[in-house]
Amino acid sequence: MKNKILILIIIFHQLYQPSHAQKVNIGERCPDTKINGLMNYRSKEAKLLSAFNDKPLIIDFWFIRCAPCISTMIQLDSLQKKYNNQFNLLMVTSEKEEDIKKFFSHNEKLKKLQQPIVYTAHLTSDLKKLFPHSGEPHEVWIGKNGIVKAITSNLEITTENIKKFLKGDTLNLPEKMDILDSKYAMGGQPLLMNDEERSGGKRKLYYSWMGAADPHVPSLSATRSAGGSNGIRLIFQNLDFIGLYKEAYSLFRSKWQIDHNEMIKSFSQFKDSLRLQSNAQTRKNWFCYEIFLHDSSVSAIKKLMQRDLDNFFKLKSCIKQREVQYYVLSKLKNSSDNAFLTKGNIKDGFIENKGDSIVIKNTYLDYIAENRLYNELQYEVINEIGNPGPVDIVIPQTNDIQKIKHALNKYGLDINQETRTENVVILQDAEDL
């Protein structure tokens, strides 16, 4: 009799084991799942709802190399303070604990952030199974009753939405629904499916396609060979028209002279100056574009792309030479060679905001110039030194070029404002030509 009871207990235990984590949708109750690998919390382990859902909860998925993620973390922390901790935050990342600590220590704005963090979540918890996604930041809004009220991008983190969340109001926010299959999400799947599926793409000679923004895929610019079709396929996902023209003329960063605000401003000559103004949050005037050309070179296919964009946007584009202002990074004439190169055995480079200074360690000059010396300088920076190796320098945190120049001179480096003749893209109304 005792053996029969023991067998029944074992069967009952097996039948009622908790199932593996499954996706939780908006309107469903989130399970009180166990989470491991906690930082900034009284223990390394906890139950999700038991520990963090005594108040409304926002789960923020992020990673270190994501600039919008860092901005969102700071914004959420600020909003929590603004509303007197009326809601909880849980920061979730796939990063390692030591990498998180190192990154936070080098970022002035993150040093004081003490929100609970779940790290290596893809290995030690069910959180990414409960809320699967391919792009971050990724925000999950859970009401005090444990019901998922919204799943959004970081663009929905606003004061107005936080107020509604705290009141318990319905959040009619657009759901962030990432396509998890990278073949589709990353532009790997051709848009003309009929020929691709039936003939392996062998009949394709030329096509182009323009569509509205797709909120389910990331912004992307890619050049891909077309396999058996012996051609080139260009794919651009979620770019505004300025980004598309940049790609069409292969003018990147320092070669592209007119920034977004200046370009829009130059449209004052247009009959409808606001018709192409874009909005990142609403995706207004964001586009997806694809073009394929058989037996083509990149230069040939981009000429067709220029024609397509002109036709679609009712513009006429051309290249003209203009005088452009730059900051030029160079060596002082009598400086000792490479006095600015990295000293010691520093394995990982970093940029640290330290008081009024920017400490740059083990970083190449091209990256420093590309990021405008990590200051919001008025003009782009051209590196005319080359890349002799990673450097260690300290410069002031300022957009005063004379102060930066003085600091660089100590390393035998120099920076000066220069006017150079460059190719720029000129856009006009097609009907005015």
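These are my notebook entries on the structure shown above.

**Entry 1: the model and its conventions**

I am working with a predicted model, in which local features need pLDDT of at least 70 and side-chain atom pairs count only at pLDDT 80 or more, while totals for chains, interfaces and linings use all residues. Residues are numbered from 1 along each chain as its sequence is written, and side-chain values use heavy atoms, with hydrogens and water left out.

**Entry 2: the whole protein**

I looked up the secondary structure and found 14 helices and 18 strands. Helices (H or I, at least four residues) and strands (E, at least two) are DSSP runs, numbered from the N terminus. Buried residues make up 45% of the 433 residues; buried means under 20% relative accessible area, exposed over 50%, and partly exposed in between, with a 1.4 Å probe and protein chains only. The accessible surface comes to about 24,000 Å², and carbon and sulfur atoms hold 50% of it. That area comes from the Shrake-Rupley method with a 1.4 Å probe. I also looked up contacts (heavy atoms within 4.5 Å). Of those with a separation of 6 or more, 69% are between residues 24 or more positions apart.

**Entry 3: the sheet of six strands**

I traced an open sheet of six strands in the order β2-β6-β5-β4-β7-β8, with mixed pairing. Its edge strands are β2 and β8, each of which pairs on one side only. Two strands pair here if DSSP finds at least two bridges between them. In general, strands of a sheet pair through backbone hydrogen bonds, either parallel or antiparallel.

β4 and β5 run parallel and are joined by six bridges; Asp60 has Met91 in β5 as its bridge partner. Helix α3 lies across β4, β5 and β7, and runs at about 160° to β4. Helix α7 packs on the sheet as well, touching β4, β7 and β8, and its direction makes about 30° with that of β7. For these angles, axes are lines fitted to C-alpha atoms, for helices over the stretch in contact, and angles run from 0 to 180 degrees between N-to-C directions.

I then turned to β7 (residues 138-142), which runs antiparallel to β8 and is joined to it by four bridges. Val140 has Ile151 in β8 as its bridge partner. The two strands form a hairpin with five residues between them, and Gly146 in the turn has a positive phi of about 85°. How many residues of strand β8 (residues 148-152) are buried? I found five of the five, so β8 is largely enclosed by the rest of the structure.

A nonpolar core is a set of buried Ala, Val, Leu, Ile, Met, Phe, Trp, Tyr and Cys residues joined through side-chain atoms within 4.5 Å. The largest has 27 residues, of which Ile58, Trp62, Phe104 and Trp141 touch the most other members. Two or more residues come from each of β4 (57-62), α3 (67-82), β5 (88-93), α4 (97-105) and α7 (159-167). The most come from α3, with five residues. I noted a second, separate core of 24 residues, which includes Leu234, Phe287, Ile291 and Phe313.

In α4, I found Glu97, Ile100 and Phe104 buried. They cover an arc of only 60° around the axis, taken from the directions from the helix axis to the C-beta atoms, which puts them on the same side of α4. The buried residues of α4 pack against β2 (38-39), β4, α3, β5 and β6 (117-118).

**Entry 4: the sheet of four strands**

I traced another open sheet, of four strands in the order β9-β12-β11-β10, with antiparallel pairing. β9 (206-212) and β10 (220-225) stand at the edges with a single partner strand each, so one side of each lacks a neighbour in the sheet. Neighbouring strands are turned by 5° against each other on average, direction ignored.

Six bridges link β10 to β11 (residues 231-240) in the antiparallel sense, and Thr223 stands opposite Leu234 in β11. Helix α10 (residues 241-248) packs on this sheet, touching β9, β10, β11 and β12 (286-294), and its direction makes about 155° with that of β11. Helix α12 (residues 298-313) lies across β9, β11 and β12, running at about 140° to β12.

**Entry 5: Gln306**

I looked up Gln306, which is in helix α12. Is Gln306 buried or exposed? Its relative accessibility is 17%, so Gln306 counts as buried. Leaving out residues up to four places away in sequence, Gln306 touches Ala248 and Tyr249. Gln306 and Lys246 lie 60 residues apart in sequence and 9.9 Å apart in space, C-alpha to C-alpha.
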